[in-house]
Amino acid sequence: MLHWFRSRVRHPLYPSVRATPALSSYGHPTAVSGTFHDLAQAAMRRVEPRRAVFVLQNVGEILLTDAQRDELWEEFQVPVYLLLLDAAGKVCAYECEAHQGLHLTHDATAPHRIPPATEVSLCGCGRPGPRLHYPHPPHPGLAVAG
Ligand SMILES: [Zn+2]
């Protein structure tokens with residue numbers, strides 16, 4: 001987990017959005033990233049990201065629940081994107097603006113690594129490629145962070 005504090009995670013679709021680790025963020029950063037717990041702490045310190053919140057989770061963890069997502073939305077009022085990290089701390093799956101599952105990154109789509117429960121239909125964002133099943137309706141009026 002220490003690598004989260006050393007390197008800034010970037011969303012593959014929004015590489016220009018630099019997310020500040022939630023635990024070291026203050027004021028009005030462009031975006032914040034961290035575990036749900038880290039982000040909740042940032043909210044208590046009145047951190048106000050301007051564009052996005054990136055929730056970092058490790059492969060194998062129980063994914064962010066609707067209630068947790070709603071809590072983050074109520075605290076920050078910016079789009080919330082889930083980023084799934086592999087054992088090396090690299091993003092291996094991510095949410096897009098359509099929130100219809102987690103797009104697998106190129107590295108994660110090697111045939112022997114594709115998990116069994118993947119969606120192969122075209123995503124609502126128009127991007128092809130397999131996705132992990134994790135649908136979540138976006139909050140109304142919010143589409144793209146970038
Ligand atoms: Zn998509």
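User: What makes strand E5 largely enclosed by the rest of the structure?

Analyst: Burial does. Four of the five residues of E5 are buried, so the strand is largely enclosed. A residue is called buried if 20 or more other C-beta atoms lie within 10 Å of its own. Keep in mind that this is a predicted model.

User: How confident is the prediction, and where is confidence lowest and highest?

Analyst: The mean pLDDT of the chain is 85. Of its residues, 79% reach 70 or more. Confidence is lowest in helix H1 (residues 3-6), with a mean of 48. It is highest in H2, at 97.

User: What is the overall pattern of the chain?

Analyst: The chain has three helices and eight strands. Along the sequence they follow α-β-β-α-β-α-β-β-β-β-β. Buried residues make up 34% of the 146 residues.

User: How do you know that E4 and E5 pair, and in which sense do they run?

Analyst: Pairing needs at least two bridges between the strands. Three bridges join E4 to E5, and the two run antiparallel.

User: Which strands does E2 pair with, and in what sense?

Analyst: E2 pairs with strand E1 (residues 19-21) in the parallel sense over three bridges. There, Thr20 stands opposite Val32. Four bridges join E2 to E3, which run parallel. In that pair, Val32 stands opposite Val53.

User: What makes E2, H2 and E3 a right-handed unit?

Analyst: The direction of the crossover decides. With the strands pointing away from the viewer, a path from the first strand over the helix to the second that runs clockwise is right-handed. E2, H2 and E3 make a right-handed β-α-β unit.

User: Why do the buried residues of H3 line one face of the helix?

Analyst: The buried residues of H3 (residues 66-76) are Arg69, Leu72 and Phe76. Seen down the helix axis, they fall within an arc of 60°, so they line one face. On the other side, Asp66, Ala67, Asp70 and Glu74 are exposed. The buried residues pack against helix H2 (36-44), strand E3 (52-58) and strand E4 (80-85). After H3 comes Gln77, with a positive phi near 60°.

User: Which residues touch the most other members of the largest nonpolar core?

Analyst: This core has 29 residues. Val32, Val53, Phe54, Val55, Leu83 and Leu84 touch the most other members. E2, H2, E3, H3, E4, strand E5 (91-95) and strand E6 (100-104) each give two or more residues. E4 gives the most, with six.

User: What is Leu83 in contact with, leaving aside neighbours within four places in sequence?

Analyst: Leu83 is in contact with Val9, His11, Phe54, Val55, Leu56, Val91 and Tyr94. To count as a contact, the C-beta atoms must lie within 7 Å.

Note on methods:
Residues numbered from 1 in each chain as written. Predicted model: local features only at pLDDT ≥ 70, side-chain atom pairs only at ≥ 80, totals over all residues. Buried ≥ 20, exposed ≤ 12 C-beta atoms within 10 Å, placed from the backbone. Arc of directions from axis to C-beta. Contact = placed C-beta atoms within 7 Å. pLDDT = per-residue confidence, 0-100. Core = buried A, V, L, I, M, F, W, Y, C linked by C-beta atoms within 7 Å.
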